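Let's take a walk through a protein together. Have the sequence and the 3D view open, and follow along.

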Amino acid sequence: MESLYDLKYEILNLKNLDVAFWIQKETWPDDPDYDDLYDKAIHTEKDNCFFLIYDKDILIGITGVDVYEAYPDTIWLDWFTILPEHRRKGYGKKVLLDTISYCKKLGNYDYFRVDTTYYENRPAIILYDKIMPLKEDYIAEDTEDYKNYFIIYSYGLNGKLEPWNNKYLGLRSYCDKCNERNKE
């Protein structure tokens, strides 16, 4: 992955897998997913990959992309974070724009999307609100006794932009699996 801003992007592999997992645990202590990282380290595809991000030799974060086979027109942001000590320096915006640029160059997708959980003053939400032109509440998996707080952000990669329109993603089952892992 090339950088628009002189950052270095190192593809995830078995040699740097533990570093990526450490970043996940640092930034998402309730939601690290070693199995997903391992899978990306051994089955890297251009549309299913993960990058460690460096500014010169300083590790600043991670980014990645993934696809849902059921939605072939869309590529998704996957595991995006800047380490806390490097936030509020412009890296998040640079990395998100680099990731979007990477996805445009792939030429296979109409939309770049992000699914994220909402909580007040979350830094990523503030960034997505600035960069991603379309924001939708995701309620497909809500029930009477369980409310999800997911948001879908969308960006048109080829000039057109259509809403996600609440298509099913299976986010709740993914979160339930993470919660079960954390109880162990």
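Among contacts in the protein chain between residues at least 6 apart in sequence, what percentage join residues at least 24 apart? The answer is 65%. Keep in mind as you read that this is a predicted model.

## The overall layout

The protein chain has five helices and eight strands. If you trace the elements from the N terminus, you'll read β-α-α-β-β-β-β-α-β-α-β-β-α.

What about the inside and the outside? The protein chain has 184 residues, and 46% of them are buried.

Now find helix 1 (residues 17–27) and helix 2 (residues 34–42). Two packed helices are described by the angle between their axes and by the distance between those axes. For this pair, the angle is about 145° and the axes are 10 Å apart. The crossing of helix 1 past helix 2 is right-handed.

Which residues do the touching? On the helix 1 side you'll find Leu-17, Asp-18, Ala-20, Phe-21 and Gln-24. They meet Tyr-34, Leu-37, Tyr-38 and Ala-41 in helix 2.

## Salt bridges

How many salt bridges does a search of the whole structure find? It turns up seven. One of them pairs the side chains of Lys-8 and Asp-57, at 3.2 Å from N to O. This pair ties together distant parts of the chain: Lys-8 is in strand 1 (residues 8–11), while Asp-57 is in the loop between strand 2 (49–55) and strand 3 (58–66), 49 residues apart. Lys-8 counts as partly exposed because its relative accessibility is 41%, and Asp-57, at 69%, is exposed.

Next, look at Asp-66 and Lys-40, whose side chains also form a salt bridge (3.2 Å, N to O). Here too, distant parts of the chain are linked, with Asp-66 in strand 3 and Lys-40 in helix 2, 26 residues apart. Is Lys-40 buried or exposed? Its relative accessibility is 1%, so Lys-40 counts as buried. Asp-66 is partly exposed, with a relative accessible area of 22%.

Lys-56 is exposed, with a relative accessible area of 62%. Asp-55 counts as buried, since its relative accessibility is 18% and the cut-off for buried is under 20%.

## A buried arginine

Finally, go to strand 6 (residues 111–117), where you'll find Arg-113. Arg-113 is buried, yet it has no salt bridge.

What does the side chain of Arg-113 make a polar contact with? Its partner is the side chain of Ser-154, at 2.5 Å. Leaving aside neighbours within four places in sequence, Arg-113 is in contact with residues including Thr-74, Ile-75, Trp-76 and Leu-77. Also among its contacts are Met-132, Ile-152, Tyr-153, Glu-162, Pro-163 and Trp-164.

Methods
Residues numbered from 1 in each chain as written. Predicted model: local features only at pLDDT ≥ 70, side-chain atom pairs only at ≥ 80, totals over all residues. Heavy atoms only, no water. Helix = DSSP H or I, 4+ residues; strand = E, 2+ residues; numbered from the N terminus. Buried < 20%, exposed > 50% of the residue type's maximum accessible area, 1.4 Å probe, protein only. Lys, Arg positive; Asp, Glu negative; His and termini not counted. Salt bridge = Lys/Arg side-chain N within 4 Å of Asp/Glu carboxyl O. Polar contact = N/O pair within 3.5 Å; in protein donor to acceptor, adjacent residues only side chain to side chain. Contact = heavy atoms within 4.5 Å. Axes fitted to C-alpha atoms, helices over the stretch in contact; angles between N-to-C directions. Left-handed = near helix turned anticlockwise from the far one by under 90°.
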